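Here are my notes on the model you sent. Please read them with the structure open.

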Amino acid sequence: MKRLLSLLLVLLLAACAPALAAAHASAEAETVGEEASSGESAAHADGEYAPDGFSFSGGSGRVTISCERVTVLGGEAVATIVFDSPNYTAVAVGGLSYDGISTEDSTSFEIPIPLNEDVEIVATTTAMSAPHDVAYTIHISLGEAPASDAPGGLVWTSRLELKYAECFSVDYYEGGYALIDVRDSARYLVVPENAPVPEGLEDGIVVLQQPLDRIYLAATSAMALFDALDALDAIRLVGTDRNGWSIDHAVEAMDAGAILFAGKYSEPDYELLVSEGCDLAIESTMILHSPEVKELIELLGIPVLIDRSSYESHPLGRTEWIKLYAVLVGREAEAEAFFDAQAAVIDELAGFENTEKTVAFFYIGTDGSVVVRSAGDYIARMIEIAGGRYALAGLSDPDSARSSVSVTMEDFYAAAVNADYLIYNAAIDGSVGSVEELLAKSPLFADFKAVKEGNVWCTGKQLYQATDIVGSFITDLHNMLTGREDGMTFLYKLD
């Protein structure tokens, strides 16, 4: 009888096995789903981690969010996120609200949050007349492979850590390969010297075979970063003649014949590019106004990389492009050390108490319009870090990707007539050397508070080439706002 019962039990279990297996699979899927919903944190041992990457979108563009660390405990991830404003009181995620801790300059929150996926949070700010909720989407990467398939079957290993830059990313693969993704532009696979180009690459991936040592550099802002890497030997051709450089080493290299002028970005010397064996053209976003030039360069078999650092909202975001160029020339360690030193300078400047004085940064276009920096631009951010308030924030869409905008003189007058300081952007238009010359552009400037009080300043023409020392410009701004006029690097007062 026992044998019969045992046999029946075996048959019953066999019959139920598919259902049990399905149930187990379903339960397992639910568990996996739960793990995924907690950001795959169960894959990480308990401990404290620096995120591999962090990004955010949403809001007005005036506030920057960062993620300092992720703590995993019992399989759950808790992120420390920081708003660079003291006016945030709470953050809601997943239907739960969390209070923050504010300092003079920022507010930090510790929130349980999924990793490696886009998560919507709602932050409450009191910066306006009444509490206001602002939606953001954040993404915290920790041990996350890139969302797209690995190019050519390569094996992903890690992602470059970026602290401020938002306009590019770099993923590393076994064998020394690196995939650079420039936002809203193109992807570039950097292939080590003598290594094979992977087969089956996706359409649109541009191959950059090292060594890259005959570069045509038309993006002048990148020269300082190559100089900081001690990598000017990678630059053979430039789009700015000798008299246009404020970087001593660039001038010396041109005098020695190590770097040649190959025509400006819109009119390059195609014959020279070919005869010199140009292996990469690095262009600024100005090339987007001359798409036929870009196409011709590419038809010659020369890849084009567009530097979009001017779209970074944080001043250190521009400087962090040094990490991208380091990937091209194999100087990652040097880039990391240099950038950390610059970040330390900014950290020291972050202690400046805000003076609440307003600053207008502008120049007059050839058509008589006034060109101002957008509210979310890095120049506006520098003014805030230095202890001032950007007077022209209301003249542009804070969510616009544009770094500058043209406005009428009437609109500029309304926004800036009572500004405490005027800064004329001579890095673009160098035709103003005195207050009298400013008044010649428009007699309306006679009504401006800053003109009446003698607080009209001008930038040096080297400002946009100095992407490696942004801290010096912020220091100049702070000194201007606090009445210390000596020892300026980029600013000078107009008489």
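1. Start with helix α9. Y378, I379, A380, R381, M382, I383, I385 and A386 are buried there (buried means under 20% relative accessible area, exposed over 50%, partly exposed in between, with a 1.4 Å probe and protein chains only). Helices here are DSSP runs of H or I with at least four residues, strands are runs of E with at least two, and both are numbered from the N terminus. Just after α9, G387 takes a positive phi of about 105 degrees.

2. A word on the basis. This is a predicted model, in which local features need pLDDT of at least 70 and side-chain atom pairs count only at pLDDT 80 or more, while totals for chains, interfaces and linings use all residues. Residues are numbered from 1 along each chain as its sequence is written, and side-chain values use heavy atoms, with hydrogens and water left out.

3. Next, D420. It sits in the loop between α10 (409–416) and β25 (421–424). Is D420 buried or exposed? D420 counts as buried because its relative accessible area is 14%. Its side chain makes a polar contact with the side chain of K449 at 2.6 Å. A polar atom of the D420 side chain also lies 2.8 Å from the backbone nitrogen of T358. A polar contact is a pair of N or O atoms within 3.5 Å; within protein, one must be able to donate a hydrogen and the other to accept it, and residues adjacent in sequence count only if both atoms are side-chain atoms.

4. S85 is another loop residue to check. It lies between β4 (76–83) and β5 (88–93). With a relative accessible area of 9%, S85 is buried. Its side chain reaches the backbone nitrogen of N87 at 3.2 Å.

5. Now the surface. E193, D213, D230, D233, E332 and E334 form a negative patch. Patch residues have over 30% relative accessible area and no salt bridge, and like charges are joined within 9 Å. A salt bridge is a side-chain nitrogen of Lys or Arg within 4 Å of a carboxyl oxygen of Asp or Glu. D233 is in the loop between α2 (223–228) and β17 (235–238). At 57% relative accessible area, D233 is exposed.

6. Last, A344. It belongs to helix α8 (residues 332–349). A344 counts as partly exposed because its relative accessibility is 34%. Which residue is 127 residues from A344 along the chain, with C-alpha atoms 9.5 Å apart? That residue is G471.

How values were computed:
Patches are made of residues with over 30% relative accessible area and no salt bridge: like charges are joined within 9 Å, nonpolar side chains (Val, Leu, Ile, Met, Phe, Trp, Tyr) within 5 Å. Accessible areas come from the Shrake-Rupley method with a 1.4 Å probe; for residues, only the protein chains shown count as cover. Lys and Arg count as positive and Asp and Glu as negative; His and the chain ends are not counted. The place of a charge is taken as NZ of Lys, CZ of Arg, CG of Asp or CD of Glu.
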